[in-house]
Amino acid sequence: MSPMPLPTHRRITAVLVLIPALVALALWAFAWPAARTAPRDLPLGVAGPPAATVPVAQQLDQRKGAFDLHRYADEAEARDAIEDREVYGAVVVTPQGPKLLTASAASPAVAQLLQQAVAHQAAASGQEIATEDVVPTPASDPRGSVLSTSVLPLALAGIGAGVAVTLLGLRGLAAVGALTGSAALVGGVAAALSHSWLDALPGSLWAVAGTFALATLAVSGAVAGLAALLGRPGLGLGALLMMLIGNPFSGAASAPEMLPEPAGVIGQWLPPGAGVSLLRSVAFFDGASAVGPALTLAWWAVLGLGAVLVGHAVGGRTAPATGTEDREPALAS
């Protein structure tokens with residue numbers, strides 16, 4: 001027996017309440033991190049003899065909570081730390097004066113912020129500071145726009161695949177195969193566009209394609225898995241989680257440490273943020289610091305696909321009982 005439809009006035013009330021609530025949630029999720037962007041314990045190196053670096057560290061510490069300072073013996077150690085993604089940049093004290101090392105590939109926004117902050121302090125002390133971009137963005141995409149704007153298409157692709165598999169009635173291994181195949185194709189297409197055509201993501205083509213595919217599978221698996229366990233409401237929950245939380249909290253346009261707490265941390269535990277971090281590592285840093293985000297994406301994909309299989313198994317066990325109940329009235333008549 002189908003449930004009775006809600007009265008008209010209740011349906012109108014639902015629209016009047018849910019739509020403004022959804023708009024408020026979207027504005028909060030996107031506007032709050034953007035309006036509160038600032039460095040918060042941003043990893044930054046200070047290199048040189050201890051006696052010479054103390055004044056530099058003291059000046060940087062005046063911006064309370066802005067920087068998490070890491071000290072290195074010389075410029076070579078600072079460069080290695082930047083290339084290993086331990087810090088976003090470093091101030092090196094040399095006999096010729098201070099020098100700023102940045103990595104725009106790690107975040108063009110952070111590189112610009114460091115230039116402004118360190119140059120301002122140097123100007124206040126009457127010094128000029130030389131700047132070198134140790135790991136630059138490619139000349140074809142100096143602002144890193146391709147990487148930062150890839151979050152939304154990947155989230156949409158994953159959500160679309162999860163919704164399509166659910167609405168088309170694919171279950172169990174068929175659903176897992178469709179989600180995996182779709183993610184692989186998305187990864188190949190995205191890599192062909194961003195790596196080969198736009199030349200915006202260097203590094204290994206296969207690593208870039210695999211990252212795109214894994215990030216898409218993590219999203220689609222989560223959406224389809226929630227739908228398999230919770231039904232249609234799971235689709236909405238998965239889409240809201242990935243689009244309204246994962247997307248703005250990813251830190252793709254700046255950095256996780258530039259977002260208000262705890263948005264940056266939450267974003268890195270969700271597929272969009274982990275996907276961006278992994279993509280930066282494989283495209284620009286030879287895989288440095290790739291293990292953490294790769295494991296995050298893998299867990300989302302495994303748990304999501306596992307939920308798809310569990311939902312199918314549970315549904316298969318309950319289906320005969322439901323069918324028997326549906327046939328009883330007919331037999332009685």
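Keep in mind that the model is predicted.

Let's start on the surface. D74, E77, D80, E83, D84, E86 and D286 gather there in a patch of negative charge. Take one of them, E86. Where does E86 sit? Its place is in the loop between α3, residues 75-83, and β3, residues 89-94. How exposed is E86? Its relative accessible area is 42%, so E86 counts as partly exposed. Exposed would need over 50%, and buried means under 20%.

Now back to helix α3. A78 has its place in this helix. Is A78 buried or exposed? A78 is buried, because its relative accessibility is 0%. One distance for orientation: the C-alpha atoms of A78 and T37 are separated by 26 Å. Along the chain, these two residues are 41 apart.

Next, the strands. β3 and β4 form a hairpin, with 2 residues between them. The two strands run antiparallel, and 6 bridges join them. As an example, A90 has L101 in β4 as its bridge partner.

Stay with β4, residues 97-102. How many of its 6 residues are buried? The count is 5, so this strand is mostly covered.

β4 also pairs with β5, residues 130-133. Here the strands run parallel, and 4 bridges join them. Look at L101 again: its bridge partner in β5 is E132. So L101 has A90 as a bridge partner, and E132 as another.

Conventions
Residues numbered from 1 in each chain as written. Predicted model: local features only at pLDDT ≥ 70, side-chain atom pairs only at ≥ 80, totals over all residues. Heavy atoms only, no water. Patch = residues over 30% accessible without salt bridge, like charges linked within 9 Å, V, L, I, M, F, W, Y side chains within 5 Å. Areas by Shrake-Rupley, 256 points an atom, 1.4 Å probe, with all protein chains shown as cover. Salt bridge = Lys/Arg side-chain N within 4 Å of Asp/Glu carboxyl O. Lys, Arg positive; Asp, Glu negative; His and termini not counted. Charge placed at Lys NZ, Arg CZ, Asp CG, Glu CD. Buried < 20%, exposed > 50% of the residue type's maximum accessible area, 1.4 Å probe, protein only.
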